[in-house]
Amino acid sequence: MLLIDCPWCGPRDEVEFRCGGQAHLARPADPMALDDRQWADYLFMRDNPKGPFAERWVHVAGCRRWFNLQRDTVTHRIIAVYPMGEQPPEPGS
Amino acid sequence: MRLMTRFSVFSLARNAATGHRHWPRQWRSPEPRRSYDVVIVGGGGHGLATAYYLAREHGIGNVAVLEKGWLGGGNTGRNTTIVRSNYLWDESAALYELSLKLWESLSRELNYNVMFSQRGVLNLAHNLGDVRAGRRRAEANRLNGIDSHWLGPDGVAKVCPILNTSASLRYPVLGSTWQPRGGVARHDAVAWGYARAADKLGVDIIQNCEVTGIRRDGGAVTGVETTRGFIGAKKIGLVAAGHSSVLAEMAGLRLPIQSHPLQALVSEPIKPVLDTVVMSGAIHVYVSQSDKGELVIGAGIDGYNSYAQRGSFHIIEGQMAALVELFPIFARLRMLRSWGGIVDVCPDASPIISKTPVGGLYINAGWGTGGFKATPGSGFVFAHTVARDEPHPVNAPFSLARFTSGALIDEHGAAAVAH
């Protein structure tokens, strides 16, 4: 069970949240310029690391706002929580 | 060194007479050779089946199966052992029905009792959408020659009298699909049976050997780096379930796969009360009773990526609530143990059994929550793909290229959610 520190509501139980998958995926500026392979890369291909992973979460049973979260996929330790639009903090900072 | 004895009533009697002290080992534990024609990464059911069919169907016996832990210690030994083939789409129906046909003769073929029990599978419907989808799926199955039926609530009660079919349920049972040829099998025995049969055909099964790198020259593979040194290979088949992305990355491939925990649990053993498999996609639980008497209970994945082989408690809580709603008589049962496996989930809930852009590298992955039932068919078509360097007609639609072409095989929900 994860205890997630919502940037707006503070620490809450995992059941109040939904995980929205990999963070920092930018929609291509001009989708029409992409070929099928590039579009498939954007649409379907995902990082799936064993270790630190940046993902989006939404506090569905709270403030209903999205935020980014960096989490270790082996230990489940939450490394960082940071607002949408920001880059993940440097390791060790 | 070929120590294997054939199992029969005579060998059983002979060994019983000597106190069962002289049964030989089921398979060898050889040192890895310097190179093989084919290296299969992953010693679960799918990997071992692949090796077996490579040797038996294609005459390629110079094969190694590399397993980082012990045989069947991953998802093969962690699933809820359900076997069925009542999938909606033609592509899936062909793949899972091929598997089911192989299951039906597997114990005899392997000379190993995999305890395949065709006790039938119910997929319950709890709302109008479920009923329509279930009826449609049953009809689609029949067009594909699969024994699928639609039962009303009375028919469900006849098949499974202890199920609560009262109309007063929060989500009443409005009907169910019914596949009599579905059932369960003993999952460890599947790994052991394939391992023993593959070993007999010359396959080297190497446990405690983790692959740490995939060596390439130009656009093609030349072998694998392992914790027991470099092993050369003309062809490599990745059959590693939850770790598929990790292995693919070693060859510079990115997959449309996310790894999630899938949990299951068993109750204390009780007298036989449940002689079929009951699955509910809508309130989400599935249950059968093992030969030891334990109820085997599963449901859905945890919502986040993980490689930890454990999940969160509220997932178990949700499936137990559904179980008790459907079977009030189970309410006071104690649960003995729970565990998790790491499943590799594809965006369309269908597997990838495919060649890759890397020469000599093949992948069998993305089975998500439903791979066990497909073990024999998966190995059969993947062996064909590796041996011939082209897919078997049954797995051709399950290529990696479908994510570029858009020809997805969307089995979310259509296959009754829970696999």
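Predicted model: local features only at pLDDT ≥ 70, side-chain atom pairs only at ≥ 80, totals over all residues.
The interface of chain A with chain B was examined next. In chain B, 25 residues are in contact with 24 residues of chain A. About 2,100 Å² is buried between chain B and chain A, with 52% of this area on carbon and sulfur atoms. On the side of chain B, the residues that lose the most area to chain A are B:Arg254, B:Tyr304 and B:Tyr307, which together account for 30% of what that side buries.

The rule finds 1 salt bridge between chain B and chain A. A:Asp47 and B:Arg254 meet through their side chains in a salt bridge, with an N to O distance of 2.9 Å. B:Arg254 is also one of the residues of chain B that lose the most area to chain A. Several elements of chain B, namely helix H8 (244-250), strand E12 (258-267), helix H9 (313-326) and helix H11 (402-405), each supply at least two residues of the side that touches chain A. By class, this side of chain B comprises 11 nonpolar, 10 polar and 4 charged residues.

Over all chains, a search of the whole structure finds 21 salt bridges. Within chain B, the side chains of B:Asp199 and B:Arg28 form a salt bridge at 3.0 Å, N to O. B:Asp199 is located in helix H7 (residues 187-200) of chain B, whereas B:Arg28 belongs to the loop between helix H1 (9-17) and strand E1 (35-41) of chain B, so the pair ties together parts that are 171 residues apart in sequence.

Helix packing within chain B was considered for H3 and H10. Helix H3 (residues 90-104) and helix H10 (residues 375-388) of chain B pack at an angle of about 110 degrees, and their axes are 7 Å apart. Angles of 65 to 115 degrees count as roughly perpendicular; H3(B) and H10(B) are therefore roughly perpendicular to each other. H3(B) contributes B:Leu95, B:Leu98, B:Ser99, B:Leu102 and B:Trp103 to the contact, while H10(B) contributes B:Thr375, B:Pro376, B:Gly377, B:Ser378, B:Phe380 and B:Val381. By class, the contact of H3(B) with H10(B) has 7 nonpolar and 4 polar residues, and no charged residues.

Notes: Residues numbered from 1 in each chain as written. Chains lettered and ligands numbered in written order. Heavy atoms only, no water. Axes fitted to C-alpha atoms, helices over the stretch in contact; angles between N-to-C directions. Helix = DSSP H or I, 4+ residues; strand = E, 2+ residues; numbered from the N terminus. Parallel < 35°, antiparallel > 145°, perpendicular 65-115°, else oblique. Contact = heavy atoms within 4.5 Å. Nonpolar A, V, L, I, M, F, W, Y, C, P; charged D, E, K, R; others polar. Buried area = accessible area lost by both parts, 1.4 Å probe. Salt bridge = Lys/Arg side-chain N within 4 Å of Asp/Glu carboxyl O.
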